[in-house]
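Here is a briefing on the structure shown below.

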Amino acid sequence: MNALYQMWAIARVEYRMQWRQRGMIVIALAMLLIMVTTIVLMASEFNTDREFRDKFATASTDAITSLTFILAVTSVCVLLPFVLVNLIPRDRQIGVIEILHSTPMSSTTYLTGKLIAGWVTALSGLVPGAIVMAVLWYIIIAPFNILSYLEIWLVGALPLMVINVGLVIVLAFRMPDSRMAVAVAVGVIVLPWFIIGFDPRNDWLDIFNSFRPGVFFHYTDVSAIDDEIGALSPTITILSGLAQLALAWLGAVAWLRWRNGY
Amino acid sequence: MIEIQNLTKTYKGNIQALKGIDLTIENKMFGLLGANGAGKTTLMRIVAGLLKPTDGRVTVFGHDMATLKGKQAAKGLLGYLPQEFGLYQTLTAREFLDYVAILKGITDSQRRQREIDEVLEKVRLSDVANRRLKSYSGGMKRRVGIAQALLGNPKLLIVDEPTVGLDPEERVRLRNLLSDMAATCTIILSTHIVEDINQSCNDLAVIRDGAVVFRGAPRDLIQNAKGKVWHVTTDGERPNGGVAIVSTRQVQEGVQYRVLGQPDSLYQPTAIEPSLEDGYIWLMNQQP
Amino acid sequence: MRRLMLGLLLFMVSPVAAQDNKPARWEPAPCPANWQEHECGYLTVPEDYAHPEGPSIRLMVGIVRSTAENPLPDPVLVLVGGPGGRAVGLSVDTPLVEAIRQERDLIYLDQRGSGASQPSLACPHQSLDYVADMRACYAALTAQDINLAAYTTTQNAADVEMLRQTLGIERWNLWGTSYGTRLGLVVMRDYPDGVRSAILDSVFPPNANLYLDEALGIEPMLYKLFDACHDDLLCTLVYPDLQGRYERLFAQLEHEPIELVINDEPFVLDGDALQTGLYQLIADQSIFPLLPSLLDDLEHGEYELSERLVDAVARSNAVHGMALSVMCSEEAPFVDWQGLEAVYETLPRPYRPMLSVTSRELCHEWLGEVVANPIDNQSIVSDIPTLLLAGEYDTATPPRYAYLAAETLTNGYVVEFPRTGHVVLNGVNACSMGIVISFLDNPAVPPNTACASRIHRTQFAVGIPATRPWAWFSGVALGLVALALIGSMGIAAYTRPRQPAWAVSWRLLGWVAPLASVGLLVLTLFTSDFDVADTRRLVEIIVPLAVAFQAAFALTPDSDRALEILMACPRRPFWILLERLLVIVAIQSIIAMGGALLTVWITQDAQWVLALVRWIPPMLMLGGLAVYISIRSRVPVFAMVAVLLVWFGMVAVGDLLLPPNVAPYPLNYFQPWLWPYQPYLKPESLSMDDYWLNRLVVAVVGIVLVGLSLREVENEERMLTGDKA
């Protein structure tokens, strides 16, 4: 019970700090700006007429689904991990970690708390984005199938965020400062994409690809941008991603236990 | 009561920070004196459960620090002020203390509120508690550090160099605060400022190169230097001949030196009463 | 439906009726690979319905089932254009098809001679000489005993009726496109009972006078292009007096044709070729915006875009026997060639088409003497509800044809879409889709076409020649800024103490980034299966990112605890940053050089000088961006995120910045000016001169950013406190 309370406190404080720093706000604003610009641009492309808006729901759903997924993938897979990777290294760099470790909180609680903090902060950036985008789209362009839209956030983007943000936080937990933390993020996010490439025909190797191509190609297929269907199913991609996260977390916890004797 | 038996700590590169320390610390204010790099901080961190000893045994109020359970229980009784620490710049003092209070297990928000108010009052930060820590001066940040250590009514308070960066008034206030606290809790005060110990501790240990070289009351340390402290006045020439100069003062007749040891009678030394500082320096000057 | 395929001689094909008592055979068949989830089959029909006992042919038919549980009984029959276009296998992932599928099945027919139907009258595209290709095609087809005279619209329409009966469909809706509208109209004429409604997109009625209309249409249509450019702010600013340009260029080419080389084949671009090409391309909505820049390119002696377009036009003029069979039997026989010639003479030279004698001869070779059937030139009378869609810029089937056809269609509704080219529904939008779907729902109600007039304006592309002065200007202007920044600091550096501390800087910067760039280079060079062009880019993709990473963390005012001491030294503060940046560049340069040499060796790159230097501009730009954002925002992570975005965006989709792409409004006003700043321009994307110009600008931008960062470090108060001084 105490551990839960402690994790909650970590998440709350981290959330507060991330939003008070300029970085998170700038990124959130940039995301909103990109969304609004895209919607305004699409509005002129779509040349929607109010009378036909309802007839247009299928196309509109397709368009917002694909657009959302592209924005979500860039923000979730690239931006957020870089912003949130140094949650633990930063504590070490500024020297607050000694105070935190003198409290009865266990290292596992600390690690898990930071993980949750990363997720909460990322979510707090994504949810307004998702809502603003949906509302603007509905008003400016056309009605769309809200369930499909929700699905792409909950089943597509959310697991990606959980996996990618979680992986970088856990893998960077030993790093001494934010420079090394960012190096870890480059290693986890940029490197696999670079080495494995971005090809729907890749199969099992792609479970390590930070862009989670199984999910990506699933949604490009659903939204009719592209007929290509990835060799990996989204379910396998997400499950293997979660498994990697779980393994990384277990490894970190085991290391902490060995190192600290508990 | 804290018991430390045969404690050693060896860092990477075979650097021996602690070489078999045995200490028993009773429930009162305990001073830990030593030069920089003597191993004070390592010892404090081990007692606080932040470092694992290479060998030896530490129990804090009967809790064995080698076990998870013991360590967790001990940390529940602990207030710790590290020598060097940082704070989250974007939080206010109150938010930061609230955070630490939760981590210390104070889950009842009303109690937390009350305790935060209390410690803020104790370190005299109530007026600025809602300002971001970014705007705090060095001394104020140190006081936030002290405040967080006081949270949760610790049974054991470990303070590493608490007076660094405090102005004289704050330093006196802190000493008094610690003395008051000593009535209900054990305090380990680590410092290289002898004056701090002299004013507040009845029990102290001196550490040199990772080993305890003195254990006892301040007056015993003073006693050691009895008859070895002298005033020597010259016209500027430094007195030589195996003496340590404690202080130098310009006086009308020339330069007055306070020296430790046995100065040459040529200088016509006058014996004076030793202070704790004299005792400490005398100890440090002994060959190990 | 291209005017190049024209014929002269007449030949009578008697109107034939599909004979109901002749059972046609239907056999299921596999669909094309991208149609796996749909149903396909072959319909066997006589090659010539006038001789049902003669040879038979097989038509490929695809059925795309409705997504509704209980689809409506009247499916939509898709009749594509050409003649000779492929239907089965077309993408069904379009909004319009999906909307139709919500209520009805769609049936796709590969018309006789076309697509996967057997025999196929398609021939290989072998050269830029259409006539030569068609002659080869004739030889190949006649060798297979194919009766070329049987491939007419009337026979085609009989196939449609046969298909309807075979599938047991009572009534269906026709969706014809281009030549498919001609076929649809003939079906409405010959078999009206089976048709519930018809959507005819880009109408080509039998009574159209293709040759005369085209001759008269060239001038107004080119004027439409000039006017559209004049109405667009960007186009009229960058390309004023487009009409004058065209006429001058026409005269020049008339006098002195240009020899282009397209796929190693010579092509003479004279005035007529320019006129014909321009006129044809106006109908293509994706190419229309490029036309002003095409003229500008030609004026500047740059032929890359022209060569691309000539190639595209030649490829799109499918070498198809079906097209010639139809045109030679149904259009050419009705042409009054003498009258036409007289009309031509009245037209001003830049707008007078070339009279094609060759196509007359070709038709004669193709079908011999053709006796025209007058019905093939008569308007079609019908009361079937018909939606006729037309695009203002359609030069192949101008809007006038839709109105002409509608004259005799009592329930025909014409919708003309302004600023739209051939085949309106290719660029389907909410408006056209809404009109089509509501018409299908209720054909008896005239569609509400108000939205059609609100199609947005054309946005024109701007080509390289028009923006090159800007690139030079920005390169020189930024270069002066860079000189001023670096110069002022250089002087200061020599008049004040300047002891560098290289070793300390090197140790502070760490080994992670150099190691990472070496590791990545080696790993990707030896393991990845990139193509040669991408392998040659590896150094410039990897090293600048590593440099940016190091530069972002080179000086972090908030966590560099020695900063205050360093700032108090007599040395100018900018040295703190400069020496670190120089160490980074030195180390990474060694790595990049090694990588470049390795790349040259692996890819056998003859342009080894390019390989040795091409990574420098992106390194300067990304490194400068990283250090500038890091110093200004005091959050190095933020700099890293920004650099990654730029890096990723420019590597992946940076070519969108290149002319002559068209960005959506209002970005179209900015996009043409951005190509000088694309850090990952490929040498093969533009001419080498433009590439080096771009490299210059990119490098100068990087130097300016570094200079600004160094100036920022000079502001001690801001560096130490983060406050504005």
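Two strands count as paired if DSSP finds at least two bridges between them. Helices (H or I, at least four residues) and strands (E, at least two) are DSSP runs, numbered from the N terminus. The model is predicted: local features need pLDDT of at least 70, side-chain atom pairs count only at pLDDT 80 or more, and totals for chains, interfaces and linings use all residues. Residues are numbered from 1 along each chain as its sequence is written, while chains are lettered from A and ligands numbered from 1 in the order in which they are written.

**The antiparallel sheet of chain B**

- Strand 1 (residues 2-11) and strand 4 (residues 55-60) of chain B run antiparallel and are joined by 5 bridges.
- Across that pairing, Ile4(B) stands opposite Val58(B) of strand 4.
- Both strands belong to an open sheet of 4 strands in chain B, with the order 2-1-4-5 and antiparallel pairing.
- Its edge strands are strand 2 (15-25) and strand 5 (63-64) of chain B, each of which pairs on one side only.

**The mixed sheet of chain B**

- An open sheet of 6 strands in chain B has mixed pairing and the order 6-7-8-3-9-10.
- Strand 6 and strand 10 of chain B are at the edges with a single partner strand each, so one side of each has no neighbour in the sheet.
- The twist from one strand to the next averages 15°. Axes are lines fitted to C-alpha atoms, for helices over the stretch in contact, and angles run from 0 to 180 degrees between N-to-C directions.
- Strand 7 (residues 156-160) and strand 8 (residues 186-191) of chain B run parallel, joined by 5 bridges.
- Asp160(B) stands opposite Ser190(B) of strand 8.
- Helix 6 (residues 168-181) of chain B packs on the sheet and touches strand 3 (29-34), strand 7 and strand 8 of chain B. The direction of helix 6 makes about 150° with that of strand 8 of chain B.
- Strand 9 (residues 203-208) and strand 10 (residues 211-216) of chain B run antiparallel, again with 5 bridges. Val206(B) has Phe214(B) as its bridge partner in strand 10.
- The hairpin of strands 9 and 10 of chain B has 2 residues between the strands, and Asp209(B) takes a positive phi near 50° there.
- Helix 9 (residues 276-285) of chain B lies across strand 3, strand 9 and strand 10 of chain B, at about 30° to strand 9.

**Domains of chains B and C**

- Chain B has domain 1 (2-217) and domain 2 (223-285); such bounds come from an automatic or database domain assignment.
- The centres of these two domains of chain B, taken over C-alpha atoms, are 35 Å apart.
- Their contact takes 9 residues from domain 1 and 5 residues from domain 2 of chain B. Two residues are in contact if their C-beta atoms, placed from the backbone, lie within 7 Å.
- On the domain 1 side, helix 7 (194-200), strand 9 and strand 10 of chain B each supply at least two residues. Helix 7 of chain B gives the largest share, 3 residues.
- That side divides into 7 nonpolar, 1 polar and 1 charged. Ala, Val, Leu, Ile, Met, Phe, Trp, Tyr, Cys and Pro count as nonpolar, Asp, Glu, Lys and Arg as charged, and the others, Gly among them, as polar.
- Chain C is assigned domain 1 (25-207 + 375-453), domain 2 (210-317) and domain 3 (499-659 + 675-721).
- In chain C, 43 Å separate the centres of domain 2 and domain 3, taken over C-alpha atoms.

**Contacts between chains**

- Of the 2 pairs of chains in contact, chains A and C share the most contacts.
- Chain B and chain C do not touch, and their nearest C-alpha atoms are 10 Å apart.
- The contact of chain B with chain A takes 27 residues from chain B and 24 residues from chain A.
- Helix 2 (68-76), strand 6 (78-81) and helix 3 (93-103) of chain B each supply at least two residues to the side that touches chain A. Helix 2 of chain B gives the most, 5 residues.
- This side of chain B has 15 nonpolar, 7 polar and 5 charged residues.

**A helix pair in chain C**

- The axes of helix 19 (residues 532-552) and helix 23 (residues 616-633) of chain C come within 8 Å and cross at roughly 20°.
- The two helices of chain C are therefore roughly parallel to each other. Angles under 35 degrees count as roughly parallel, over 145 as roughly antiparallel, 65 to 115 as roughly perpendicular and the rest as oblique.
- The residues of the contact of helix 19 with helix 23 of chain C divide into 13 nonpolar, 2 polar and 1 charged.
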